[in-house]
Amino acid sequence: MDEGAELLVVFGGDGTMHEVVNGIGGVDGVEVAVVPRGTGWDFARTHGIPKRLEDAVRVALEGEARTFDLGRATYLSPGGEQTDWFANAGSVGMSGAVAARANLITKALGAKTSYLVALGAVFARWHNVPLEVQVDGEHRSGLMEDVIVAIGRFQGGGMMVTPDAEPDDGLFDVLLIKDASKLEVLRELPKIYRGKHLPHPKAEVIRGRAVTVESEHPLPVQLDGEQPGTTPASFEIVPGALRLRVPKR
């Protein structure tokens with residue numbers, strides 16, 4: 001980018017896209033095209049970028065360039081407070097622990113299987129914890145399983161976690177998964193892949209531009225499938241920070 005490049009073609013999955021936005025976040029004049037590879041394709045799913053190589057390359061060459069939102073998260077890392085960009089979603093709670101576990105599992109299993117294996121291992125021992133959450137001017141507190149701060153619709157290898165999220169509306173879709181029992185979560189799991197789990201009495205979606213999450217003890221933070229640190233954490237939307245080539249409308 002420093003040498004004047006105007007188009008960056010990314011071959012990879014969600015982890016690769018996470019690295020890319022942390023390299024170009026805040027840089028003007030750079031378009032990104034994505035050819036989905038690797039295991040996690042949730043970013044590509046949200047933006048309608050096809051998985052078939054020939055089709056994805058065609059979008060990279062001939063697609064329509066549109067602007068989309070990015071997020072910035074500040075959290076506690078082993079070296080102190082750190083701020084990163086993210087392209088698809090961040091979260092605090094069980095999903096962070098699942099992401100850390102999934103990244104230890106062989107990628108040969110694929111994103112969906114790796115996530116489900118990790119979910120099973122973490123879920124069996126997880127206990128919901130008290131959280132303090134602020135979304136713009138709204139405050140929520142109580143026992144929660146997860147706080148998901150989404151730009152896109154998909155996470156976890158194809159789960160449509162936030163089905164109404166729009167990646168260019170300048171707002172996060174913040175999904176609070178409250179004190180749901182393990183049985184309630186298991187009942188809803190198949191519905192999540194179809195985006196049919198909402199509304200639900202143990203869940204709430206709040207839309208906003210700024211989110212803070214605090215916990216009594218450090219909880220894992222997840223960004224685009226990576227697990228870089230712990231709470232306390234804050235998230236802010238950066239509207240129109242990414243120029244991406246997508247299929248023509």
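A salt bridge here is a side-chain nitrogen of Lys or Arg within 4 Å of a carboxyl oxygen of Asp or Glu. The model is predicted, so local features need pLDDT of at least 70 and side-chain atom pairs count only at pLDDT 80 or more, while totals for chains, interfaces and linings use all residues. Residues are numbered from 1 along each chain as its sequence is written, and side-chain values use heavy atoms, with hydrogens and water left out.

A search of the whole structure turns up 15 salt bridges. Here are three of them, with N to O distances:

| Pair | N to O distance |
|---|---|
| glutamate 64 and arginine 249 | 3.1 Å |
| arginine 72 and glutamate 236 | 3.5 Å |
| arginine 140 and glutamate 204 | 2.7 Å |

Now for where they sit. Strands are DSSP runs of E, at least two residues, numbered from the N terminus. Glutamate 64 belongs to strand E3 (residues 64-77) and arginine 249 to the segment after strand E12 (226-246), so this pair ties together parts 185 residues apart in sequence. Arginine 72 is in strand E3 and glutamate 236 in strand E12, so that pair ties together parts 164 residues apart. Arginine 140 in strand E7 (residues 138-150) and glutamate 204 in strand E9 (residues 203-208) are 64 residues apart.

As for accessibility, buried means under 20% relative accessible area, exposed over 50% and partly exposed in between (1.4 Å probe, protein chains only). Arginine 249 is exposed at 75%, whereas glutamate 64 is partly exposed at 23%. Arginine 72 at 26% is partly exposed, and so is glutamate 236 at 40%. Arginine 140 is partly exposed at 22%.

Elsewhere, Arg52, Glu54, Asp55 and Arg58 are joined in a salt-bridge network.

Terms used: Helices (H or I, at least four residues) and strands (E, at least two) are DSSP runs, numbered from the N terminus.
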